[in-house]
Amino acid sequence: MAFAGKWETESQEGYNEFCKLLGIPDDIIEKGRDYKLITEVVQNGNEFSWSQLYPTNKTISNKFVIDQECDMETIGGKKFKATVTMEGGKLSTRFPNYHHTSEISGGKLIETSIAGSVVLKRTSKKI
């Protein structure tokens with residue numbers, strides 16, 4: 001149940017490059033640069049509900065069960081099928097244009113998204 005709770009962005013590395021690579025408009029990148037993204041995770045064993053409130057006041061919620069294919073949605077509204085796996089306490093899934101992992105390290109939620117050589121690392125604190 002380590003992921004359960006509400007988390008707020010503390011820092012981001014590689015934000016601009018990652019957003020540009022995904023084709024996010026400059027005005028949205030600007031709004032989100034210093035935005036404190038709120039992530040709320042409800043965990044019941046291998047079942048998760050993962051919600052994020054974005055600077056556009058849009059909330060994306062994805063529900064999944066570890067190792068089972070599910071329907072997911074990106075911030076851009078693209079729907080896709082994915083399977084979330086867990087290895088060594090790290091959640092891992094492939095989005096349409098990048099690979100995403102989430103882990104708890106030092107009491108922080110660390111989310112890493114990789115698209116080719118571009119890496120976005122977001123660190124959030126529990127609130």
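W50 is buried, at a relative accessible area of 10% (buried means under 20%, exposed over 50%, partly exposed in between, with a 1.4 Å probe and protein chains only). The model is predicted: local features need pLDDT of at least 70, side-chain atom pairs count only at pLDDT 80 or more, and totals for chains, interfaces and linings use all residues. Residues are numbered from 1 along each chain as its sequence is written, and side-chain values use heavy atoms, with hydrogens and water left out.

The aromatic rings come next. A pair of aromatic rings is described by the distance of the centres and the angle of the planes. Rings of Phe, Tyr and Trp (its six-membered ring) pair if their centres lie within 6.5 Å; planes under 30 degrees apart count as stacked, over 60 as edge-to-face and the rest as tilted. Six aromatic pairs are found in the whole structure. One of them joins F3 and W50. This pair is tilted, with 6.0 Å from centre to centre and 55° between the planes. F3 lies in the segment before strand 1 (5–13) and W50 in strand 3 (residues 47–53), so the pair ties together parts 47 residues apart in sequence. Helices (H or I, at least four residues) and strands (E, at least two) are DSSP runs, numbered from the N terminus. F3 is buried, at 4% relative accessible area. Ring pairs also link F3, F48, W50 and F64 into a cluster.

A further pair joins F18 and Y98. Their ring centres are 5.1 Å apart and their planes stand at 80°, so the pair is edge-to-face. F18 belongs to helix 1 (residues 15–21), whereas Y98 sits in the loop between strand 8 (90–94) and strand 9; the two are 80 residues apart. F18 is buried at 4%. Y98 is buried at 15%.

Nine strands form an open sheet in the order 4-3-2-1-11-10-9-8-7, with antiparallel pairing. Two strands pair if DSSP finds at least two bridges between them. Strand 4 (59–65) and strand 7 (85–87) stand at the edges with a single partner strand each, so one side of each has no neighbour in the sheet. On average, neighbouring strands are turned by 25° against each other, direction ignored (axes are lines fitted to C-alpha atoms, for helices over the stretch in contact, and angles run from 0 to 180 degrees between N-to-C directions). Within the sheet, strand 9 (residues 99–105) pairs with strand 10 (residues 108–115) in the antiparallel sense over seven bridges. H99 stands opposite I114 in strand 10.

Strand 3 also holds S49, a residue buried at 19% relative accessibility. Leaving aside neighbours within four places in sequence, S49 is in contact (heavy atoms within 4.5 Å) with E40, V41, V42, N62 and K63.

Strand 5 (residues 69–73) and strand 6 pair in the antiparallel sense over five bridges. They form a hairpin with five residues between them, and G77 in the turn has a positive phi of about 90°. C70 has A82 in strand 6 as its bridge partner. In a regular strand the side chains alternate between the two faces of the sheet. Strand 6 (residues 79–83) has a covered face with F80 and A82, and an uncovered face with K79, K81 and T83.

C70 is buried at 10% relative accessible area. C19 is buried at 6%. A disulfide is a pair of cysteine sulfur atoms within 2.5 Å. By this rule the structure has zero disulfides.
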